[in-house]
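Morning, everyone. Let me put the structure up, and then I'll walk you through some charged pairs and a helix packing.

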Amino acid sequence: MHLSTYRTAELQLLSVRVRRLRLGRTLTQKELGNRCNLSCRYISDLECGRRGIRLANLYRLSYGLDMTLSGLLDFDSAADGAMLLGDKASRHQHIALTSAASVAHRSECRLRLGRKIALLRRSQLLSQDNFCLMLGLGQTYLVDIENGRINIGFNNLCKIARGLGVTASELTDVDDFER
């Protein structure tokens, strides 16, 4: 995909935030990549705004930074340490989610996110048709998101959050993703 496709304001904020958080934890790109099972090149491209990111990799990145997903996406947060995962046991539990065995959990998280999107959309009395027209998304795509079948990209996650009048952080709030 062309570089300019990924250059949204939210992605630029995420790029800067990831770099700042990584450096604040004195991690190299390679160390962060190893912690979250992503390549050094992927981390570099993300930090430079040359790459989009999908929900599954947002989870991996948040775990690699010892943060909740909503904490990672909270661009207004002044205290980057405020959303850190607590104890060492929590860290190991969350790191385990980056393995191949976590596919079921990530599917459950996609389903919960989809349900939350549908609930917020309905609470605003928006039909799928009208919401899709408003956002410029295909209805089939929205149906797949709401049913948890899509590993949604970050740009579309932000677009949907804006359409619902919430932030990406609020949309992915950790309380909605805990078992």
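Start with Glu-47. Buried or exposed? Glu-47 is buried, because its relative accessibility is 8% and the cut-off for buried is under 20%. Keep in mind that this is a predicted model.

So what does Glu-47 pair with? Its partner is Arg-19. The two side chains form a salt bridge, at 3.7 Å from N to O. Look at where they sit. Arg-19 is in helix H1, and Glu-47 is in helix H3, which covers residues 40–47. The pair therefore ties together parts that lie 28 residues apart in sequence. Arg-19 itself is partly exposed, with a relative accessible area of 40%. And there is a third member here. Arg-22 joins Arg-19 and Glu-47 in a network of salt bridges.

Stay on helix H1, and go to Glu-10. Which residue does Glu-10 bridge to? That is Arg-162, with the closest N and O atoms 2.0 Å apart. Glu-10 belongs to helix H1 and Arg-162 to helix H10, so this bridge ties together parts 152 residues apart in sequence. Glu-10 has a relative accessible area of 18%. Buried means under 20%, so Glu-10 counts as buried.

Now the two helices themselves. H1 spans residues 9–24, and H10 spans residues 154–164. They pack at an angle of about 120°, and their axes are 9 Å apart. Why call that oblique? Roughly perpendicular stops at 115 degrees, and roughly antiparallel needs over 145, so H1 and H10 are oblique to each other. Their crossing is right-handed.

Who makes the contact? On the H1 side, Glu-10, Leu-11 and Leu-14. On the H10 side, Phe-154, Asn-155, Cys-158 and Arg-162. By class, that contact has four nonpolar residues, one polar and two charged.

One more pair. Arg-121 forms a salt bridge with Glu-146, and the closest N and O atoms are 2.7 Å apart. This one links distant parts of the chain too. Arg-121 is in helix H7, residues 103–123, and Glu-146 is in helix H9, residues 139–146. They are 25 residues apart. Buried or exposed, these two? Both Arg-121 and Glu-146 are buried.

Last point, the total. How many salt bridges does the structure hold? Eight.

Notes. Residues numbered from 1 in each chain as written. Predicted model: local features only at pLDDT ≥ 70, side-chain atom pairs only at ≥ 80, totals over all residues. Heavy atoms only, no water. Axes fitted to C-alpha atoms, helices over the stretch in contact; angles between N-to-C directions. Helix = DSSP H or I, 4+ residues; strand = E, 2+ residues; numbered from the N terminus. Parallel < 35°, antiparallel > 145°, perpendicular 65-115°, else oblique. Left-handed = near helix turned anticlockwise from the far one by under 90°. Contact = heavy atoms within 4.5 Å. Nonpolar A, V, L, I, M, F, W, Y, C, P; charged D, E, K, R; others polar. Salt bridge = Lys/Arg side-chain N within 4 Å of Asp/Glu carboxyl O. Buried < 20%, exposed > 50% of the residue type's maximum accessible area, 1.4 Å probe, protein only.
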